[in-house]
Amino acid sequence: MGHTAVDPLIYLDYNATAPVRPEALAATTKALMAVGNASSVHAGGREAALAVDQARERVAALLTCSPSELIFTSGATEANNLALRSAATPGQSLVISAVEHPAVTEAAVAVADAVGGTVHTIGVHRDGTLRLEELEEALATSPALVSIMAANNETGVLSDLDLVVKIAHEAGALVHSDATQLVGRLPIDLRRLELDLLSMSGHKFGAPQGVGALFARRGIVPAIRPLMYGGGHERGRRPGTLNVPGIVGLGAAADAAARCLDQEAARVRLLRDRFENAVMTALPGTRRNGHPDRRLPGVSSLTFDGLPADAMLAAMPAIAASEGSACAAGAMEPSRVLLAMGLSRDEAECTIRFSLGYTTTDDDIDSAIRHVIDAERRVHAALYPTTTTASGTAQGQEGPRRHDA
């Protein structure tokens, strides 16, 4: 049973995708109405090329890098594949973490197989932070590349990229970061943070779906090895007619996000904390996953003791949230991220990710708190119903925990 007009949808799934920002929608619509291939020399083509250049400058401003260091892609998945393929060296290993997105883990295996290398996977602590001692051990093998995500897509836990870059560069390795969840949500300064490669996807912060970019530091990274062939677009690094409407929308979303980045992060963090505190107070058996402080402002991963996530989500159809990564939706296995953090399979299967963003309001959070608490009570009652004893008195079947909230 879906949500109704009386019970409007509360969107708390920003880590899957964000609503398109009004600025991005307007810019994309305008570009869709124009006619011109950005590679054409006539007036329409030149106008399209100028729009792409302006968008590139806006994205570069958000990342604090040079526009020439950006390659437009279809999204972070393509950017991740392009980065790993370009940095791989025959016979050398690649180092990744156990909580990377499949666009990195699967690409790393494929790339390593192609160049006769290996993949070293380093673990994380219970709070989702990197096991730096394992990273240092892996660096002793002189890998070609270290790829560590900036912010985890399921828990929001932030990596200490400054430290990763420092020790990886000292070992002679290049460093890539899948920053899909970070860009547009927290500040990033690529003039200061000396990453060699960074991947991003626009739809996580309000651009249309299907557009992203790869940052490749000028003068540091080896020649980009394109994934496809057949054109000189993006200076030969990514062939194919440019998605001008998408790129223009990406630029507009980047500009809109940059204007209020710090204020928006602070606002969303307050909403997230209020949501968590209310739910965990009312439902004492509920546990938060990930470092309490080193995480994205809008992400809350909660484990509801003994209550399957799919049953909880079904009991609160007015809330759009996720059992984990949207890219793993429908998978029969529990979250790799949560298992890597030490959760049991049962705990992982009872975990829901709530992710807030720029349209989330106080009223949304008030309503979400009520829906979650009500859903927990109803699912708990359904799974652990009251039974009647031989003496005829009612007795509640013992569930995973009891609470009076």
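Biologist: How many aromatic pairs does a search of the whole structure find?

Modeller: The search finds 3 aromatic pairs. Before we go on, please note that this is a predicted model, where local features need pLDDT of at least 70, side-chain atom pairs count only at pLDDT 80 or more, and totals for chains, interfaces and linings use all residues. Residues are numbered from 1 along each chain as its sequence is written, and side-chain values use heavy atoms, leaving out hydrogens and water.

Biologist: What makes tyrosine 11 and tyrosine 14 an edge-to-face pair?

Modeller: Rings of Phe, Tyr and Trp (its six-membered ring) pair if their centres lie within 6.5 Å; planes under 30 degrees apart count as stacked, over 60 as edge-to-face and the rest as tilted. Tyrosine 11 and tyrosine 14 are 5.6 Å apart, centre to centre, with 65° between the planes, so the pair is called edge-to-face. Ring pairs also link Tyr11, Tyr14 and Tyr358 into a cluster.

Biologist: Why is tyrosine 14 called buried?

Modeller: Buried means under 20% relative accessible area, exposed means over 50%, and partly exposed is in between (1.4 Å probe, protein chains only). Tyrosine 14 has 2% relative accessibility, so it counts as buried. Tyrosine 11 has 24%, so it counts as partly exposed.

Biologist: Why is proline 90 called exposed?

Modeller: Proline 90 has a relative accessible area of 62%, so the label is exposed. This proline lies in the loop between helix H3 (76-87) and strand S3 (94-97). Helices (H or I, at least four residues) and strands (E, at least two) are DSSP runs, numbered from the N terminus. The C-alpha atoms of proline 90 and glycine 116 are separated by 5.9 Å, while the two residues are 26 residues apart along the chain.

Biologist: How do you know that arginine 259 and aspartate 255 meet in a salt bridge?

Modeller: A salt bridge is a side-chain nitrogen of Lys or Arg within 4 Å of a carboxyl oxygen of Asp or Glu. For arginine 259 and aspartate 255 the N to O distance is 2.7 Å, so the pair meets the rule. By this rule the count comes to 18 salt bridges.

Biologist: Why are arginine 259 and aspartate 255 separated by about one helical turn?

Modeller: Because they are 4 residues apart in helix H7 (residues 244-259). Aspartate 255, at 26% relative accessibility, counts as partly exposed.

Biologist: Where do aspartate 374 and arginine 378 lie?

Modeller: Both are in helix H12 (residues 362-383), 4 residues apart, about one turn of the helix. Aspartate 374 forms a salt bridge with arginine 378, the closest N and O atoms being 2.8 Å apart. Arginine 378 has a relative accessible area of 42%, so it is called partly exposed. Aspartate 374, at 37% relative accessibility, also counts as partly exposed.

Biologist: Which residues do salt bridges that share partners join into one network?

Modeller: Glu23, Arg58, Asp255 and Arg259 are joined in that way.

Biologist: Why is glutamate 349 called partly exposed?

Modeller: The relative accessible area of glutamate 349 is 35%, so the label is partly exposed. Its place is in the loop between helix H11 (345-348) and strand S12 (351-355).
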